[in-house]
Amino acid sequence: METGWLLPDLEDPESNEFWAGCARGELLVQACAACGAWRMPPRPMCAVCRSTAVRWEPTTGRGRVWSFIVPHPPLLPAFAEVAPYNSIIVELDDDPGIRFVGNLVASAHGAINEIDPATITIGEPVRVVFHHIEDVTLPRWVRA
Amino acid sequence: MPRQPATGLIKNQTAVAGLGQTTFGKGLPDTELSLACQAVSIALDDAGIEPSEVDGIASYTMEPNREVDVARNVGFGDVTWFAQVGFGGGAGCGVVGQAAMAVATGQCSVAVAWRARKRASAASRPWAQAAARLSDSQQWSRPFGVIRPVDEIAMLTRRYMHEYGGTRDHLANIAIAFRKHAARNPGSTMGHKPMTRADYMNARWISEPLCLFDNCLETDGALAVVVVSAERARDLKQPPAYIHAFAQGLPPQHQTMTNYFTDDPLRGPAWAAAKRMWELADVTASDVKVAQLYDAFSPLIILSLEGYGFCDRGEGGPFTDDGNIEWPNGRLPVNTSGGGMSEAYVHGFNLVLEGARQIRGTSTAQVEGADVSLVTSGEGVPTSAILFTKDV
């Protein structure tokens, strides 16, 4: 299952803490260690105060659907196999300026094509779950 | 400190004096290098300039052909200025505008810019060439199935529809208008195939809410332009398309097509480029008689109409109603050669040539009295735009 999935490089120095958090079941956000501003995606410098010091902070893992799509083939084989599926963007309740791309699933280990896309609405509440593929843990989302 | 007012040192100082293009198609036998050289050679002949006079080169960073290879094949002289512009489809007006700056400032006197691509084969598309593991911004979208450019733009389209009430009918207006324009253009690849609203509505999905006809074509071919001083252009074979104003745009916190992380993802690079371009110009959006707007995907037309100030935010969809973007009677005919969706998709460079043809008076959907002609490059990536004028 999910062979040939597109996956992050867990050694990427900008993001490895995020992926390590997912492996522990935590959805983390990178914060500036100087001024405290949250930012996503992770990056080396804070655009607010230009500090390069970072820390990682926990979130509630709750948010709302900001947008969604339903991709159809032609796609890479691993994704074509489950198409049409949904991809969503979630804005976090903790800070709506922080958004994550993800998938809406019925359960943590469900397939990304299980939810009827016609039932997905912008603004609906969701919460994070975690799903393992190879050595990677991806955040996914279920209805809250 | 307030920014210095724009003074527009290059305003009307240069012109596009030569246009060249190869045939467009799928699976053309010629190499990309051969196509590039043919397009440049045709553009020089069109201008009436010898290749040995070429001393400036502007190209896309994604261009497969190196400056040295085009220069020694076509027979350029001592090249004293060369530069590239990044971000794929955002670079089209960028390379022409950079060439104009180089000519206007004396770094060169005859500059060429071109784009050559063989992308009609599915295997050549970048998204299909998956890296083993993702370490750049793609790691935040591709593991979740947002893989192709169409997926990235579909996500913004759905949000746009939610915020502003845009509809598929608006997107259909765009696809149908461009197909009608292509039908008048014998060089277009899709002009022979009419499109009805039912054809659009029944087309297969690619990434909902976008269907097949919301996507540009993938085309083999090449196009080139020659940029010289306005003074020189007046003595050459063709009516000059003066480069009146040019700007590039890269807004705060922008992250190319997965621009989901800013406060206002639906306010893209067009707004940044437009602000500077209109400051530099003596004309306003209401003076523009015809526009070539970058159309890798139909929703980019709606965003560009808003970004370049043809209507307010949220009104780009209704702007396309009632034939408003269609030749000959629309308020603003858009993509009069068929654009990337129905003529050819060569990273938006065909839009540059059509914008200049409208000034020359040689378009196959010629707008009467076209004295101000806008061309824009890729919205959704760091972009660029040019205003061509007929008179200075």
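**Stop 1: where the chains meet**

Show chains A and B together. In this predicted model, 31 residues of chain B are in contact with 32 residues of chain A. Helix α4 spans 149-164 of chain B. Next select β5, at 205-208 of chain B. Both α4 and β5 of chain B supply at least two residues each to this side. Colour the side by residue type. Its residues divide into 15 nonpolar, 8 polar and 8 charged.

**Stop 2**

Strands of a sheet pair through backbone hydrogen bonds, either parallel or antiparallel. Which residue of β5(B) is the bridge partner of A:V70? Click on B:E208: that is the partner.

**Stop 3: an open sheet in chain A**

Select β1, β2 and β3 of chain A. These 3 strands form an open sheet in the order β2-β1-β3, with antiparallel pairing. Look at the edges. Strand β2 (38-39) and strand β3 (54-58) of chain A are the edge strands, and each pairs on one side only.

Now select β1(A), residues 28-32. Is this strand mostly covered or mostly open? It is mostly covered, with 4 of its 5 residues buried. Follow its two pairings. With β2(A), β1(A) pairs in the antiparallel sense over 2 bridges. With β3(A), there are 5 bridges, and the strands again run antiparallel.

Zoom in on A:A31. Its bridge partner in β2(A) is A:W38. In β3(A), A:R55 stands opposite A:A31.

Then trace the chain from β1(A) to β2(A). The two strands form a hairpin, with 5 residues between them. Pick A:G36 in the turn: its phi is positive, at about 85 degrees.

**Stop 4: two packed helices in chain B**

Bring chain B back. Select helix α8 (residues 269-280) and helix α9 (residues 299-307) of chain B. Two packed helices are described by the angle between their axes and the distance between the axes. Here α8(B) and α9(B) pack at an angle of about 35 degrees, with their axes 8 Å apart. Their crossing is right-handed.

Show the side chains where they touch. From α8(B), pick B:A270, B:W271 and B:A274. They meet B:L303, B:S304 and B:G307 in α9(B). The residues of this contact divide into 4 nonpolar, 2 polar and no charged.

How values were computed: Residues numbered from 1 in each chain as written. Chains lettered and ligands numbered in written order. Predicted model: local features only at pLDDT ≥ 70, side-chain atom pairs only at ≥ 80, totals over all residues. Axes fitted to C-alpha atoms, helices over the stretch in contact; angles between N-to-C directions. Left-handed = near helix turned anticlockwise from the far one by under 90°. Contact = placed C-beta atoms within 7 Å. Nonpolar A, V, L, I, M, F, W, Y, C, P; charged D, E, K, R; others polar. Pairing = 2+ DSSP bridges. Buried ≥ 20, exposed ≤ 12 C-beta atoms within 10 Å, placed from the backbone.
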